[in-house]
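Colleague: I am new to this structure. Can we go through the terms used for it and ask what stands behind each?

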Amino acid sequence: MTELSEQEMRAAITARDRTCDGRFFYGVITTGVFCRPSCATRPARAENLRFFLDAESALAAGFRPCKRCRPAEPAPGLSKLIEVARYIETHAEERLTLNKLAKQADLSPSRFQRVFKAAFGVSPKAYQDSVRMKRCKLALKEGDNVTGAIYSAGYGSVSRVYGEQLRSIGMTPRAYRSSGAGETIAYICRDTALGSMMIGATERGVCFVQFGEDANILFEQLRAEFPKARLNVSSAQDAPELDTWIEALDAHISQGAPRPDLPLDLRGTAFQIKVWRFLLSVRDGDVISYGEVAAGIEKPKAVRAVASACAANRIGVLVPCHRVLRGNGSIGGYRWGLARKRALLDAERSRKADSL
Ligand SMILES: [Zn+2]
């Protein structure tokens with residue numbers, strides 16, 4: 001890696017650029033303290049900064065390590081953090097303290113908390129919760145009774161799982177378990193400009209639009225979402241509308257025809273449905289941030305819950321979760337891959353430009 005110029009180092013400090021951590025350190029002569037480029041402390045006056053390529057040189061020059069960014073502790077590599085994340089996954093049923101996890105990464109608890117969050121987007125605690133949540137979901141699908149599933153997933157009490165946690169699943173365990181039970185879902189698959197696409201519909205409307213490598217994988221996804229439903233491949237006499245719908249949706253995706261306005265069967269929590277309905281109001285060619293969606297449904301603080309609801313969308317394109325970007329304008333995530341999100345947004349942007 002080439003050395004950074006002084007100008008680049010100053011820019012990195014102004015931007016608190018995490019990617020420059022470990023590449024250099026800076027000391028502030030007025031305080032006698034030295035920091036990593038990403039440190040959150042108030043930046044000092046430009047003429048008071050001194051630059052060092054390693055922490056040892058800063059220490060040798062008489063600077064003390066900052067208590068906040070702890071520049072004298074080794075910066076953990078991503079592989080170390082992934083190791084800890086795997087450990088959380090295999091020990092999700094245990095009570096894992098921040099101290100214990102931090103020790104594995106050779107970091108102080110507060111610093112471990114910060115770098116873990118920077119690497120994975122969630123705190124170690126939230127990560128553990130989501131692992132257990134996934135297990136609980138799986139156990140429920142395999143037919144455990146609700147209480148058994150909750151205990152085998154490591155939740156201490158039934159009330160806890162019925163509380164805040166469960167909203168991320170979308171339904172209460174009892175409702176989830178019967179997901180699709182007694183219902184028939186007709187499905188159809190075809191190749192589009194975005195790869196294989198499968199549409200599934202109940203008698204109320206479209207409940208599934210997903211993209212993937214091939215029809216078998218998509219069928220597995222449909223089966224996983226609605227394990228108890230009877231799945232019927234669409235034949236013209238059973239579900240003639242599906243043929244028309246997939247034709248229209250493919251024409252939209254592959255040839256830029258208008259987005260068809262199909263009946264939807266939205267299934268989720270009241271909150272998720274509120275988010276998905278709101279997304280239906282975002283116009284073709286427009287984009288919106290997670291924060292704006294949260295404000296739009298009058299839950300301005302629920303930005304992360306909005307992001308989870310977008311990620312949980314089962315009806316791609318028709319519920320246009322691809323139009324939601326991060327607050328800083330970066331593209332954010334997409335359940336069916338960023339390449340597809342970009343392709344959809346590019347097509348919509350150019351259609352909008354054409355129509356102006
Ligand atoms: Zn600092």
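Modeller: What follows is a short talk about a predicted model.

Colleague: Start with the overall picture. What makes up the protein chain?

Modeller: The protein chain holds 15 helices and ten strands. Its accessible surface comes to about 18,500 Å². Carbon and sulfur atoms account for 52% of that surface.

Colleague: How many of the 356 residues count as buried?

Modeller: The share is 43%.

Colleague: Which contacts join residues at least 24 apart?

Modeller: Take the contacts between residues at least 6 apart in sequence. Of these, 56% join residues at least 24 apart.

Colleague: Now the metal. How do you know which atoms coordinate the zinc ion?

Modeller: Donors are N, O and S atoms within 2.8 Å of the metal. The SG atoms of Cys35, Cys39, Cys66 and Cys69 lie at 2.3 to 2.5 Å, so they count as donors. Along the chain, the donors follow the spacing C-x3-C-x26-C-x2-C.

Colleague: Why is the arrangement around the zinc ion called tetrahedral?

Modeller: The four donor atoms subtend angles of 105 to 119 degrees. For four donors, the term needs all angles between 85 and 135 degrees. The angles here fall in that range, so the arrangement is tetrahedral. The ideal angle for four tetrahedral donors is 109.5 degrees.

Colleague: Are Cys35 and Cys39 buried or exposed?

Modeller: Both Cys35 and Cys39 are buried.

Colleague: Which strands form the sheet that contains β2?

Modeller: This open sheet has four strands, in the order β3-β1-β2-β4. The pairing is mixed.

Colleague: What makes β3 and β4 edge strands?

Modeller: β3 (49-52) and β4 (64-65) each pair on one side only.

Colleague: How do you know that β2 and β4 pair?

Modeller: Pairing needs at least two bridges. β2, residues 33-35, and β4 have two bridges, so they count as a pair. They pair in the parallel sense. Val33 has Arg64 in β4 as its bridge partner.

Colleague: Which helix lies across β1 and β3?

Modeller: Helix α1, residues 6-15, lies across β1 (25-28) and β3. The helix runs at about 110 degrees to β3.

Colleague: What comes between α1 and β1?

Modeller: A loop, and Arg16 has its place there.

Colleague: Why is Arg16 called partly exposed?

Modeller: The relative accessible area of Arg16 is 39%. Buried means under 20%, and exposed means over 50%. Arg16 lies in between, so it is partly exposed.

Colleague: Which residues is Arg16 in contact with, leaving aside its neighbours within four places in sequence?

Modeller: They are Pro37, Ser38, Cys39, Ala40, Thr41 and Pro43. Cys39 is also a zinc donor. Arg16 and Ala40 are 24 residues apart in sequence, yet 7.2 Å apart in space, C-alpha to C-alpha.

Colleague: Which strands form the sheet that contains β5?

Modeller: Four strands form this open sheet, in the order β7-β6-β5-β8, with mixed pairing. The edge strands are β7 (205-212) and β8, each pairing on one side only. On average, neighbouring strands are turned by 25 degrees against each other, direction ignored.

Colleague: What joins β5 to β6?

Modeller: A hairpin does, through two residues.

Colleague: Which helix lies across this sheet's strands?

Modeller: Helix α10, residues 215-225, lies across β5, β6, β7 and β8. α10 runs at about 135 degrees to β7.

Colleague: Why does Glu298 count as exposed?

Modeller: Its relative accessibility is 68%. The cut-off is over 50%, so Glu298 counts as exposed.

Note on methods:
Residues are numbered from 1 along each chain as its sequence is written. This is a predicted model: local features need pLDDT of at least 70, side-chain atom pairs count only at pLDDT 80 or more; totals for chains, interfaces and linings use all residues. Side-chain values use heavy atoms; hydrogens and water are left out. Contact means heavy atoms within 4.5 Å. Axes are lines fitted to C-alpha atoms, for helices over the stretch in contact, and angles run from 0 to 180 degrees between N-to-C directions. Buried means under 20% relative accessible area, exposed over 50%, partly exposed in between (1.4 Å probe, protein chains only). Accessible areas come from the Shrake-Rupley method with a 1.4 Å probe; for residues, only the protein chains shown count as cover. Donors are N, O and S atoms within 2.8 Å of the metal (3.2 Å for Na, K and Ca); water is not among the atoms, so sites may look incomplete. Four donors count as tetrahedral if all angles lie between 85 and 135 degrees; four count as square planar and six as octahedral if opposite donors are over 155 degrees apart and all others between 65 and 115; anything else is irregular.
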